[in-house]
Amino acid sequence: MRHLFKWLVSSCLLLAVSVPSYAFRCSNRLISEGDSIGKVIKRCGQPTEQDSFQVELILKQGDVLAETRFLDVTYLVYAQSSNQFVRVLRFEDDDLVSVESKEYGGKSSDPELCKDLSSAVSIGDVMPYIRYRCGPPSREKRVGRRVKRVAGSSEVGQFKDQDVFEWYYYFPRDDEKVVLQFVNGQLRRLYREEIEDDD
């Protein structure tokens, strides 16, 4: 009996090691790196939120420009059950490259969460996840593109042109708005700002 117990423990440990941290199960089927968007939606159903972006990359070999190309990035957010973690899936050119686990799901979005910037969202969170947490913004706009200068071989694969968006959340009886600034769909800056007459 003791040998059987040891065997079971060893088997469980091997299984835990063999399943990568970015993998998770949907309808008893494993979702893992390399799966397509269509495959994930077929197994997990429609996501709670999603967004897609096109990112321009510059690739270099030493100091020589080798290639500039566009990368299609899609985020799917699954938050359908209160006994399961919220999952944020990132796809690049239709291939799953990462799965991030958040808090337990099944909650309704609440704009009031965005009033407390320190606890609602974090730098690096993506647009569809913040929409799930706080609801759609009161106002959003594309504020331009930021060009990242690329120099030296250590910059291989870095962004070249980056889309910059801002979301604004207004709250009744407040004289300030919450501003969230995104670069290529990821939160890079958040702050409070006085509401101006033309807002």
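Leaving aside its neighbours within four places in sequence, which residues is Arg133 in contact with? The views below start there. This is a predicted model, where local features need pLDDT of at least 70, side-chain atom pairs count only at pLDDT 80 or more, and totals for chains, interfaces and linings use all residues. Residues are numbered from 1 along each chain as its sequence is written, and side-chain values use heavy atoms, with hydrogens and water left out.

**View 1. Arg133 and its surroundings.** Setting aside neighbours within four places in sequence, Arg133 touches Glu103, Ser109, Asp110, Leu113, Ser119 and Ala120 (contact is heavy atoms within 4.5 Å). Arg133 is buried but has no salt bridge; buried means under 20% relative accessible area (1.4 Å probe, protein chains only), and a salt bridge puts a side-chain nitrogen of Lys or Arg within 4 Å of a carboxyl oxygen of Asp or Glu. The nearest side chain of opposite charge, Glu103, sits 4.1 Å away.

View 2. Eight of the eight residues in α4 are buried, among them Met127, Tyr129 and Cys134. Just after α4 comes Gly135, with a positive phi of about 80 degrees.

**View 3. The largest nonpolar core.** A nonpolar core joins buried Ala, Val, Leu, Ile, Met, Phe, Trp, Tyr and Cys residues through side-chain atoms within 4.5 Å. This one has 26 residues, and Trp167 is one of those with the most contacts inside it. Helix α4 gives the most to this core, five residues.

Definitions and conventions: Buried < 20%, exposed > 50% of the residue type's maximum accessible area, 1.4 Å probe, protein only. Helix = DSSP H or I, 4+ residues; strand = E, 2+ residues; numbered from the N terminus. Lys, Arg positive; Asp, Glu negative; His and termini not counted.
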